[in-house]
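Please look through the sequence and the 3D structure below before reading on.

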Amino acid sequence: MTDTSTDPDTPTTGAEWHVDERCTDCDVSRQLAPGLIAAVGGRSAVVRQPRDAADEQRLHAAAFACHTRSVRPPPGRRLDPELDPYPMPLDATVRLCGHNAPTTAAANSYLVRRPSGSQVMVDTPRWSEALAVRFEALGPVSDVLLTHRDHAAHGRAYADRFGARLWIHEGDLDAAPDADQVLRGTGAVEITDGVVAHPLPGHTRGSVVYVADERYCFSGDSFYWSRTTGDIEVVENVTWYSIEELAASLARTVGVDAFRFEWLLPGHGDRNHLTAAEADRRMRALAIRTAALRPRPVDFTVTRW
């Protein structure tokens with residue numbers, strides 16, 4: 001009998017960790033458990049069973065982030081709440097919230113610590129009072145920053161729970177009409193010390209990229225790190241408003257000091273930590289590539305994760 005336990009293209013079956021049929025191919029679990037979960041046949045699948053405690057931790061991180069709760073332990077076992085890593089530190093400033101929401105199409109969300117000890121939340125996980133308590137235990141949350149309409153769900157609930165200001169751009173205001181602060185036009189706006197909002201219409205009319213400390217770029221769905229291409233990419237196959245507007249938006253960021261960053265932290269797609277010089281070089285090249293793109297039908301299946 002052939003041993004497929006380490007074959008990266010063979011999903012595991014039976015009384016083992018597995019991904020169930022609700023998977024929507026959002027890529028989140030593959031980001032969090034590389035080598036354990038991979039793309040197989042247009043969805044995620046467990047391709048190797050855990051060998052040690054570190055593997056178990058990675059699978060739990062994937063399971064507690066999955067918006068459909070499709071990453072499942074072996075039958076008869078339950079997820080261990082002690083292995084829920086969220087909010088999970090990416091470094092001393094940024095934490096990944098996990099617990100992605102079906103109502104935000106599985107978007108990642110983040111907590112960003114400020115020098116005062118307060119935090120801002122960029123986009124939101126699924127709504128949960130228990131999660132709100134967990135997040136607030138790390139410090140008060142002063143602002144909830146929405147990158148665009150697709151990620152607006154639960155923004156009001158978290159803002160009210162924290163006593164925080166809810167931000168959105170006027171182009172997507174109908175998705176959060178009760179926002180406390182409305183960004184307008186295309187000019188950069190400082191939200192709080194060190195956090196700048198850069199309106200980037202394109203993916204949607206009201207898309208916004210937030211840059212903190214000229215180091216952390218929360219790009220929403222405007223651009224992301226692709227493991228397939230090994231580069232920063234736009235999702236030209238899922239552009240709801242205008243690829244031409246997105247190209248113009250990216251062109252405005254070229255050479256802008258306040259748009260410099262090292263960490264790329266998107267809503268969808270993978271994260272990456274670059275040098276500022278490399279990020280600047282790649283963003284300049286992205287602006288040129290995007291200017292050559294033309295409108296195309298929306299097709300989720302061809303995203304280059």
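Two strands are said to pair if DSSP finds at least two bridges between them; helices (H or I, at least four residues) and strands (E, at least two) are DSSP runs, numbered from the N terminus. What you see is a predicted model, in which local features need pLDDT of at least 70 and side-chain atom pairs count only at pLDDT 80 or more, while totals for chains, interfaces and linings use all residues. Residues are numbered from 1 along each chain as its sequence is written, and side-chain values use heavy atoms, with hydrogens and water left out.

The pLDDT, which is the predictor's confidence in each residue on a scale from 0 to 100, has a mean of 94 over the protein, and 95% of the residues reach 70 or more. Over residues 1-10, however, the pLDDT is below 50, and this stretch has 10 contacts in the model beyond near neighbours in sequence, where contact means heavy atoms within 4.5 Å.

Let us begin with the sheets. Seven strands make up an open sheet with mixed pairing, and their order is β5-β6-β7-β8-β9-β10-β11. At its edges lie β5 and β11 (181-183), each of which pairs on one side only. Strand β6 (residues 94-96) in turn pairs with strand β7 (residues 110-113) in the antiparallel sense over three bridges, and Arg95 stands opposite Leu111 in β7. The next step leads from β7 to strand β8 (residues 119-122), again antiparallel, with four bridges joining the two, and Tyr110 stands opposite Val122 in β8. The hairpin of β7 and β8 has five residues between its strands, and in it Gly117 takes a positive phi near 100°.

Another open sheet has six strands in the order β12-β13-β14-β15-β18-β19, and its pairing is mixed as well. Its edge strands, pairing on one side only, are β12 (189-192) and β19 (272-273). Within this sheet, β14 (residues 208-212) and β15 (residues 216-220) run antiparallel and are joined by three bridges, with Ala212 placed opposite Tyr216 in β15. In a regular strand the side chains alternate between the two faces of the sheet.

The loop between β15 and β16 (224-226) contains Ser222; because its relative accessibility is 1%, Ser222 counts as buried, a word used here for under 20% relative accessible area, whereas exposed means over 50% and partly exposed lies in between (1.4 Å probe, protein chains only). Leaving aside neighbours within four places in sequence, Ser222 is in contact with Leu200, Ser207, Val209, Val234 and Leu246. Ala92, in the loop between β5 and β6, is exposed, since its relative accessible area is 74%. The C-alpha atoms of Ala92 and Glu56, which are 36 residues apart along the chain, are separated by 24 Å.

Finally, consider the space inside. Rolling a probe the size of a water molecule over the atoms shows where empty space is left. A cavity is a set of points, on a 1 Å grid over the protein atoms alone, where a 1.4 Å probe fits but cannot get out, and its lining residues have an atom within 4 Å of a point. Grid points are joined across faces, edges and corners, and a volume is the space filled by probe spheres set on the points. The structure holds one cavity of 30 Å³ or more, and the largest cavity contains about 80 Å³ of space. Its lining has 14 residues, of which Cys23, Cys26, Ser29, Ser44 and Cys66 lie nearest the centre.

Technical notes:
1 Å grid on protein atoms, 1.4 Å probe; cavity = no way out; pocket = protein on both sides within 12 Å on 5 of 7 lines; lining within 4 Å.
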